[in-house]
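Here is a short briefing on one protein chain. Look at the sequence and the structure first, then read the points below.

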Amino acid sequence: MKRIILSAVTFAVMGSAASAATYVLDFDADPTNAAEVASLDSSATQTISSPRDFTDSGVTWRVESSGGAGVGLFDTTCSYGFGTNGCAGDADLEVFNQMNAEGVAGNVLIQQEAGNPGRPDDDANTSFLTLTLLTDITLEWTGASALDDGFYLFNFGAQLLGTVDNGNGSAFDNTTGSVDFASTALLTQNDTITVFFQRSATDTRGASGAVDNFRFNVVPAVPVPASLPLLVGGFGLMAFMHRRRKA
């Protein structure tokens, strides 16, 4: 696994072409794409598993949970029905009118609570979630968002890129937060990123909550110039002729 950590300044020097396109992993399917709709199912009847593969905007990820019943998606619009407490009983993951400010809306990623197969519900003891890039593409990870009270740490390997502190306790339910990383990471195929869930910056016990809106720059592949093979061949021929003359 190749890991490269770049400062924002260093990446800017690499040229504007490297950051021309952006990609947001928001776990919301293109409604016209049947395959994405199936893989990003957030209904009450979704298949909960760990690992679980998602394809979002043509990019495929493998997500694994630290425990619970596996990886789930929670629909913050509560399309599977409102209960007396909202969101079929899980009202702390409603984002209300904060969704536009933090980019958190629609489906969010959770660890499903064990023993609760009837509806999506975030596990109160989530330790971490990992996301592995399966598509052959290079992405510069620049930021992420989180929903619900808790302290979220976004890591690439051993490198902590940023945190979101949404407060601790029921008074901070439904809180959303976002971070733009000061130092970014380049991901290539089969690289893994990790999100740690804590109750606070000092209380490292697992916590409930959800993550969303992973932001990336798409790094274009550097094409090999068509003339390169001819150039290399020319150098080889010159070296051969030079050796013959010396002989």
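Ser 49 touches Gly 70 and Val 71, leaving out residues up to four places away in sequence. Touching, or contact, means heavy atoms within 4.5 Å. This is a predicted model, where local features need pLDDT of at least 70, side-chain atom pairs count only at pLDDT 80 or more, and totals for chains, interfaces and linings use all residues. Residues are numbered from 1 along each chain as its sequence is written, and side-chain values use heavy atoms, with hydrogens and water left out.

**Ser 49**
- Ser 49 sits in the loop between helix 2 (34-39) and strand 3. Helices (H or I, at least four residues) and strands (E, at least two) are DSSP runs, numbered from the N terminus.
- Ser 49 counts as partly exposed because its relative accessibility is 25%. Buried means under 20% relative accessible area, exposed means over 50%, and partly exposed lies in between (1.4 Å probe, protein chains only).
- The side chain of Ser 49 reaches the backbone oxygen of Pro 51 at 3.0 Å.
- Ser 49 and Glu 64 are 15 residues apart along the chain, and 8.2 Å separates their C-alpha atoms.

- Six strands form an open sheet in the order 3-4-7-12-9-10, with antiparallel pairing. Two strands pair if DSSP finds at least two bridges between them.
- Which strands lie at the edges? They are strand 3 (52-56) and strand 10 (159-165), and each pairs on one side only.
- From one strand to the next, the twist averages 20 degrees. For such angles, axes are lines fitted to C-alpha atoms (for helices over the stretch in contact), and angles run from 0 to 180 degrees between N-to-C directions.
- Five bridges link strand 3 and strand 4 (residues 59-65) in the antiparallel sense. Thr 55 stands opposite Thr 60 in strand 4.
- In a regular strand, side chains alternate between the two faces of the sheet.

**Strand 12**
- Why is strand 12 (residues 192-198) largely enclosed by the rest of the structure? Six of its seven residues are buried.
- Strand 7 and strand 12 run antiparallel, joined by five bridges. Here Thr 132 stands opposite Thr 192.
- Strand 9 (residues 151-156) also runs antiparallel to strand 12, with six bridges. Phe 156 has Ile 193 as its bridge partner in strand 12.

**Two buried residues**
- Thr 126 lies in the loop between strand 6 (107-112) and strand 7 (128-133). Thr 126 counts as buried because its relative accessibility is 0%.
- The side chain of Thr 126 reaches the backbone oxygen of Asp 123 at 3.0 Å.
- Leaving aside neighbours within four places in sequence, Thr 126 has contacts that include Ser 66, Gln 111 and Phe 197.
- Gln 112 belongs to strand 6. Gln 112 is buried, with a relative accessible area of 2%.
- A polar atom of the Gln 112 side chain lies 2.9 Å from the backbone nitrogen of Asp 121.
- Not counting residues up to four places away in sequence, Gln 112 touches Arg 119, Pro 120 and Asp 121, among others.

**The whole chain**
- The chain has four helices and 13 strands.
- Of its 247 residues, 44% count as buried.
- Among contacts with a separation of 6 or more, 70% join residues 24 or more positions apart.

Note on methods:
A polar contact is a pair of N or O atoms within 3.5 Å; within protein, one must be able to donate a hydrogen and the other to accept it, and residues adjacent in sequence count only if both atoms are side-chain atoms.
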